[in-house]
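Here's a quick tour of a few local features. Have the viewer open as you read.

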Amino acid sequence: MAEFKIGRLDGQPPRIRNVPIAVTPEGFWCCPSQAALQKTTRSPNQPGRPRGGASPAMSKASSVQRAPTISSEKRAHSTPNRPRTDTDEQTCPPADTAAAPDPPKVAPASEKRQKQHKISVGFGQLDTSDLKVVLYGREGVAVKMIVHKSTLAENSAFFADRILRQSPASCIEVPDCDDVEIYVETVGLMYCKDVKQRLVKQNVPRVLRILKVAESLGFRACIMSCLDYLEAIPWVGDEEENVVSSIRQLHDENLRVNPLLKRVTSDLTNPPNDTFAHIIELVLKSSEDRGRREMKSLVLKLLKEDNICTNASADSCVMTLYSSCRDCLESLLALFRQASDPEFAEQSSDNKELVLRKITLEADNLLWLSEILSDRNAADELTAMWASQAELAKLHCKIPVIHRHLVSCVTARLFVAIGKGEALPSKETRQLLLDVWLQPLMDDYNWLHHGCRSFDRKAVEEGIGQTILTLPLEDQQVVLLAWLGRFLKSGDSCPNLQRAFEVWWRRTFVRPYADLQQSSSSQSGRH
């Protein structure tokens, strides 16, 4: 624990405060952080007692030196026009040897000079030092570093140039230093034999700060050590974006082409469409329930978050998804034909169970693909493909509902997409979809409502109703009257389309008379 002293504005004996600094075998004395510096000044309203600073304990290791005295001074000037910035002073004169100063004159607030906290830090062998570097940071912090020209010139292009231009140079000033603490630490690393080893115990944000200062100083050994550290350590949370941003801001182009960036970027100039297609294929062909369920949920979430199908690869992504849809439809139709064949009942239980299991998997695959395409607002073609599956719809009733209900879920999802405007198929497609698939959906509706957890009854009923209401009024009447007969017999086992029925009723029985009355009123007004 080393001492620094604060001069009193009123001329009273100075108070001694302790500032922690770390000691390394190379003689590297770490500068206190900004938070520690701010704690060195007490509020003028708080009473204080003089304290004596404890001497630093001597280490048993012969390579560790005694910490130099660190001074922190707050000075007041008698006249506003004579600022004093003596950075070479490290200690305040004792109270008994200094003459009592005159009472300080109160200067106007606008003319008061910002108070400075002055810190002195030494590196290496202090008796052989031949250069002072003064950093001026924020909040009036000034740090004087006692260093060696040869060490700084050897490690830093910035200091080598300043020493050459100011020759003979005894003091170098660095104004407007953004990060005094890291600047001092980076200069201290010039005295270390193994910079990378010094970074091992640091965290990623601090190493990024060191990297920024090291680049400004042209300290190449430190830059490469920081890059090696960042390349090897895992990144957590927002660290990835911060690291990539920092690396891309480096001025040296050769440093950007670094193995570090290969962690997040590929050498491929085009989006990895083949990889995307391979992932989709792997998920669709999986037969393990937990793996399929979790990976489908994960891929769907990632596609919603990143929306990769909105960039230049949109066409390729959609083509990949539709190719998978066609394969699933062909497989599903073949399985329906096989399961509905009269000879299928005579097969062994294992064979029948295998076929029915495949039907469930393929229907689940189609449901997943329809979800992805609907979220991408690209389900128009899938709606047309699904509406054209008349044979599949006819065979639907021959398959046990426990294995076929996911097929009805595909129909329900497409109705929801149309109702929400996620899909905009043609009028013919919408009409065909209702003609082909509404009856099979109503056949499975009771099972879906009570046996399928993911089934959203309100959303499906709203989607069906909105799809019906997009048709010409005569077609609306045909569909809704057919639904009414079914609803009056089945009740809760049938979709509740009362809202659509109300809209159709007003369009059929109210609007014509309202329009006629409005037209008559308009003609009477003209006459």
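Helices (H or I, at least four residues) and strands (E, at least two) are DSSP runs, numbered from the N terminus. Residue numbers start from 1 along each chain as its sequence is written. This is a predicted model, where local features need pLDDT of at least 70, side-chain atom pairs count only at pLDDT 80 or more, and totals for chains, interfaces and linings use all residues, while side-chain values use heavy atoms, with hydrogens and water left out.

Start with Cys-328, which sits in helix α12 (residues 314-340). Neighbours within four places in sequence aside, Cys-328 is in contact (heavy atoms within 4.5 Å) with Leu-284, Glu-362, Asn-365, Leu-366 and Leu-369.

Next, a helix pair.

| Helix pair | Axis approach | Crossing angle |
|---|---|---|
| α14 (residues 380-387) and α17 (residues 427-443) | within 9 Å | roughly 40° |

That angle makes α14 oblique to α17, oblique being what is left after under 35 degrees (roughly parallel), over 145 (roughly antiparallel) and 65 to 115 (roughly perpendicular). On the α14 side, Thr-383, Ala-384, Trp-386 and Ala-387 make the contact, and α17 brings Thr-429, Leu-432, Leu-433, Val-436 and Trp-437.

Finally, strand β3 (residues 117-122): six of its six residues are buried, so β3 is largely enclosed by the rest of the structure. His-117, Ile-119 and Val-121 point one way, and Lys-118, Ser-120 and Gly-122 the other.

Note on methods. Axes fitted to C-alpha atoms, helices over the stretch in contact; angles between N-to-C directions. Buried < 20%, exposed > 50% of the residue type's maximum accessible area, 1.4 Å probe, protein only.
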